[in-house]
Amino acid sequence: LGGGVVYFPEGIYRVDDVLRVEGSSVVLRGQGPQRSQVYFTRHQEMSYSGHITFTGAPQVIDEVPLAQDVEARSQWIAVDDAGPFEVGDDVELGWIISDEFVADHQMTGIWQAFNGQWQTFFRRTVVDVDADSSPPRVRVDVPTRYEARRRDQAALRKVSGMLSEVGVEALGLANAVDPDAAWEQSQVHLIEFHGVKDGWMRQVESFRPPGLSDDGQEGHLQSSGILIADGKRFTLADLVLENAQHRGPGGNGYLFEIRRSNEILIRDSLGRNGRHNFTQNWGFGTTGCVWLRVTSEGGRAYSSQSGGFRPVAHSDFHHSLATANLIDASVLNDGWSAVNRQSMSGGAGHTATENVFWNSGGDGLLRSLQFGWGYIIGTGKDLTVETEIRDEWGGFEELGDLAAWEHTAPRDYMEGLGKAETLRPQSLYESQRRRRLGHQ
């Protein structure tokens with residue numbers, strides 16, 4: 001009940017089932033990714049699940065409509081009644097994906113998967129309550145990053161049940177199996193975090209487990225690596241994930257995946273030989289996330305196990321309006337994509353708006369055609385940048401005839417292309433962090 005450390009002394013550990021954690025303050029810890037290694041052999045009935053899962057049980061215990069629309073970059077939220085809220089409460093600000101909201105983004109007929117449903121856009125903590133103002137107000141710890149409208153039934157929800165203070169560190173992890181078995185399942189993650197706040201992973205690396213057939217592939221993962229869903233304030237640091245066996249369609253080969261989460265930091269990490277090595281996926285509400293000094297390389301999209309069509313596959317914003325995130329001082333040797341994916345992936349449509357690519361290096365392709373504004377500040381000499389809004393169809397090889405530039409005007413802002421070495425500061429995140437800590 002009080003949590004604790006599950007310690008893996010030096011050695012290699014075989015696990016034939018799954019590990020589930022449903023309590024806070026639990027840490028899985030080894031002696032280092034080359035010294036303490038854990039591999040998983042189960043592959044049957046594993047689709048859409050993970051071999052290690054940390055699972056909270058968030059539930060809404062109060063919902064209060066907004067008294068006024070909330071502008072972007074606001075910390076004070078006017079509500080009909082501040083009575084249910086106290087300092088320290090976990091809250092969610094969201095709204096219904098209405099026909100009007102869809103039309104505002106020129107996505108009628110494209111955005112359909114979540115139409116008429118509530119989507120959480122901002123996961124926050126209450127830091128002040130002003131019940132005496134008119135209307136009453138609640139102050140949250142992090143500003144909003146998009147307008148919330150009463151028209152869309154926007155509301156502030158008080159939630160409970162999130163896991164907290166959980167972590168995985170200093171371990172080698174793997175779940176590769178026979179390649180045929182790997183291709184029989186979809187979206188098998190090595191590790192998943194659902195409904196977690198204030199969690200972390202550090203010094204974790206994938207490896208080739210013993211006993212694999214000699215298939216000519218350096219398999220580490222059945223298909224996917226880490227998934228963070230419906231969480232906030234999570235750090236992934238000093239990680240290496242590589243060599244997914246299943247990189248076919250259907251959501252496979254996503255090595256670092258974020259869904260509907262806020263304030264996630266992925267730093268000093270390598271994603272190699274996945275499909276989309278670093279990705280945001282499925283649903284609205286991924287905002288305020290930072291990819292800092294990450295390297296993406298070897299991304300490939302396979303159409304079948306036998307090989308088939310294998311274009312370069314980028315790290316990307318994959319689904320539904322990821323907002324105000326930062327890719328900072330990172331190396332893109334395959335690429336990164338932020339475009340209108342239209343009907344792909346269940347109607348992803350506009351995947352990105354107001355995201356910043358700062359000091360991007362590598363020799364891949366940075367493709368940014370974001371809804372409204374996107375920003376590309378400082379690139380290396382070998383990185384190709386594509387922001388052109390076109391009148392004709394075609395030209396995006398991995399997207400076929402998809403008009404990835406439709407409704408993305410104006411053209412994203414660009415500055416310092418090919419001049420990353422002169423950019424000051426070299427890291428926007430580190431500069432802002434120093435300022436907030438009072439270190440100029």
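Student: How many cavities of 30 Å³ or more does a search of the whole structure find?

Tutor: Rolling a probe the size of a water molecule over the atoms shows where empty space is left. Here the search finds one cavity of 30 Å³ or more. A cavity is a set of points, on a 1 Å grid over the protein atoms alone, where a 1.4 Å probe fits but cannot get out. About 30 Å³ of space lies in the largest cavity. That volume is the space filled by probe spheres set on the points, with grid points joined across faces, edges and corners.

Tutor: A word on the model. It is predicted: local features need pLDDT of at least 70 and side-chain atom pairs pLDDT 80 or more, while totals for chains, interfaces and linings use all residues. Residues are numbered from 1 along each chain as its sequence is written, and side-chain values use heavy atoms, with hydrogens and water left out.

Student: Which residues line the largest cavity?

Tutor: Lining residues have an atom within 4 Å of a point. Among them are Trp111, Phe114, Phe284 and His319. By class, the lining has four nonpolar, five polar and no charged residues. Ala, Val, Leu, Ile, Met, Phe, Trp, Tyr, Cys and Pro count as nonpolar, Asp, Glu, Lys and Arg as charged, and the others, Gly among them, as polar.

Student: What is the strand order in the open sheet?

Tutor: Strands of a sheet pair through backbone hydrogen bonds, either parallel or antiparallel. This open sheet has ten strands with parallel pairing, in the order β3-β6-β15-β17-β19-β22-β25-β29-β32-β34. Strands are DSSP runs (E, at least two residues), numbered from the N terminus. Two of them pair if DSSP finds at least two bridges between them. β3 (19-21) and β34 (384-386) stand at the edges with a single partner each, so one side of each has no neighbour in the sheet.

Student: How many bridges join β32 to β34?

Tutor: Three bridges join these parallel strands. Leu365 stands opposite Thr384 in β34.

Student: Is Asn277 buried or exposed?

Tutor: Asn277 sits in strand β22 (residues 276-280). Asn277 is buried, with a relative accessible area of 0%. Buried means under 20%, exposed over 50%, partly exposed in between (1.4 Å probe, protein chains only).

Student: What does the Asn277 side chain reach?

Tutor: The backbone oxygen of Gly271, at 3.2 Å. A polar contact of 3.1 Å also joins the side chains of Asn277 and Asp334. Such a contact is a pair of N or O atoms within 3.5 Å; within protein, one must be able to donate a hydrogen and the other to accept it, and residues adjacent in sequence count only if both atoms are side-chain atoms.

How values were computed: Helix = DSSP H or I, 4+ residues; strand = E, 2+ residues; numbered from the N terminus. 1 Å grid on protein atoms, 1.4 Å probe; cavity = no way out; pocket = protein on both sides within 12 Å on 5 of 7 lines; lining within 4 Å.
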